[in-house]
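The following questions and answers concern one protein model. Please keep the sequence and the coordinates at hand while reading.

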Amino acid sequence: MSTVPATDLDAILESVEDRNPGELEFHQAVHEVLAPLGPVLEAHPEYSRARILERIVEPERQIMFRVPWVDDHGEIHVQRAMRVQFNSALGPYKGGLRFHAGLSLGTVKFLGFEQIFKNALTGQGIGGGKGGSDFDPKGRSDAEVMRFCQSLMTEMYRHIGPDIDVPAGDQGVGGREIGYMYGQYKRIVGASEAGAITGKGVGWGGAQVRTEATGYGLVYFVQEMLAHEDDDLHGKTVVVSGAGNVSLFAIEQANKLGATCVACSDSSGTLHDPDGFDLELLKTIKLVERGSLAEYPGRRRGAATLTPGATPWGIACDIALPCATQNELDEEDAQALVANGVQVVAEGANMPCTDEAVAVFQADPNVAYAPGKAANAGGVAVSAFEMAQNAARIRWSFADSDERLRAVMRQIHETCRKTAARHGFEGDYVAGANIAGFTTVADAMLAQGVV
Ligand code: NDP
């Protein structure tokens, strides 16, 4: 690897593919970040001399371990868990844990890589990491989830800590799972190190607005994108995908700002409610009962329908917010959205749009497109607020935290626009986010020597 010319982006990409075979999502994420860096590397030969690119695509540490647990019938299961500690140039590794059947190291590496630059954009002094397990919490009892979480933490505790690595939630990991993991961590280390994990309950070290932060922050980012065009959310029609943490709080904030959300989705299909969602009913079904969207039409008066197997992207809207999972919106979906007059596409999920879909949006001057590492950074920003409050033993109010979240999203939006313009990519949020995130991390790596 050390023989690759550092300014040759293609050669570096090829090397990443060779060294990480079969990890297609990781290759895709590296490609997206590196693509706009040509002018930056030309302007900063010191990055190439210090081999920043070659170092930044290699995780500092990857941990993989066995997680055995016993189900309610006494059967033993063996899961695999991992934590990728990707880059600590800006601070402790920070990023969520995902519980999803079939989760692979390649997926965790793509998420960890994205996290480095997202965290840099927040300006909060946090490095990038990510982890998870192939455990599927769906249909498992609370007791089973607790035993699994305790078993996972029995190994993971030795790799994390408030100044080392601070996990949080992601798909399949919400307040319940964070509670069980934190309880076990505290029991093993014998200390109330609240800052070792974020997403805790507000009554025991959690931050106000953390639950809402990714979805709210996404909508605040969209608000900034629209404001740039002298527009706002009032009267806009919004379509989201997913019906989890990010989606439901994006719907909530979009509603608050005067928009109407008419579609969302889960593994049972796409729910279309042309009158706008009954959000309390949605939250009850998805967050309280852990049920399926298929239950919504029968419990709601009106014209709501659920279409199994469909995505929401064929439904006409002004604003599309993919908030479910990676590569869920392809070229055909993008073309359908554009044909229906979509104005803004902002990613709540990590890398939900395929490269081809992004190309469709970016080719259309009437569409503004924002990548996840900028638009969904509100969640990790409020996680950093949680760490700060834990360290200082103070609590911020909901209103204070929400205002700080707004300020961070406003600042990320401005950084993306200004950085893009400065490097000849006017109005390109992808280039702006990647260049700004990269240079922040690269400068820190440069200052810290060859480590
Ligand atoms: P959740 O597990 O809470 O929700 C995910 C939702 O998406 C669920 O409703 C799930 O359906 C649905 N879903 C998943 N895959 C598909 C699919 N292929 N088709 C249709 N629906 C699908 O996860 P989060 O909301 O926490 O995370 C969603 C995305 O946002 C992920 O990409 C995550 O990495 C990203 N993200 C999350 C952050 C956070 O703070 N939570 C922060 C930044 C990014 P079902 O309910 O049936 O399982």
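**Surface patches and salt bridges**

Val70, Ile76 and Val78 make a nonpolar surface patch of about 290 Å². Such patches join residues with over 30% relative accessible area and no salt bridge, with nonpolar side chains (Val, Leu, Ile, Met, Phe, Trp, Tyr) joined within 5 Å and like charges within 9 Å. Accessible areas come from the Shrake-Rupley method with a 1.4 Å probe, and for residues only the protein chains shown count as cover.

This is a predicted model, in which local features need pLDDT of at least 70 and side-chain atom pairs count only at pLDDT 80 or more, while totals for chains, interfaces and linings use all residues. Residues are numbered from 1 along each chain as its sequence is written, and side-chain values use heavy atoms, with hydrogens and water left out.

Q: Is Val70 buried, partly exposed or exposed?
A: Val70 is found in strand β1 (residues 61-70); strands (E, at least two residues) and helices (H or I, at least four) are DSSP runs, numbered from the N terminus. Buried means under 20% relative accessible area, exposed over 50%, and partly exposed in between (1.4 Å probe, protein chains only). Because its relative accessibility is 36%, Val70 counts as partly exposed.

Q: Which residue does Lys373 meet in a salt bridge of 2.6 Å, N to O?
A: A salt bridge is a side-chain nitrogen of Lys or Arg within 4 Å of a carboxyl oxygen of Asp or Glu. At 2.6 Å, N to O, the side chain of Lys373 meets that of Glu32. The pair links distant parts of the chain, 341 residues apart: Lys373 lies in helix α15 (residues 372-375), and its partner in helix α2 is Glu32.

Q: Why is helix α2 (residues 24-34) largely enclosed by the rest of the structure, and how many of its residues are buried?
A: The buried residues of α2 include Phe26, Val30 and Glu32. Glu32 counts as buried because its relative accessibility is 17%. Helix α2 is largely enclosed because, of its eleven residues, the number buried is eight.

Q: With which residue does Lys373 form a salt bridge whose closest N and O atoms are 3.3 Å apart?
A: Lys373 is buried, with a relative accessible area of 0%. The partner at 3.3 Å is Glu114. This pair also links distant parts of the chain, 259 residues apart, with Lys373 in helix α15 and, in helix α6 (residues 105-122), Glu114.
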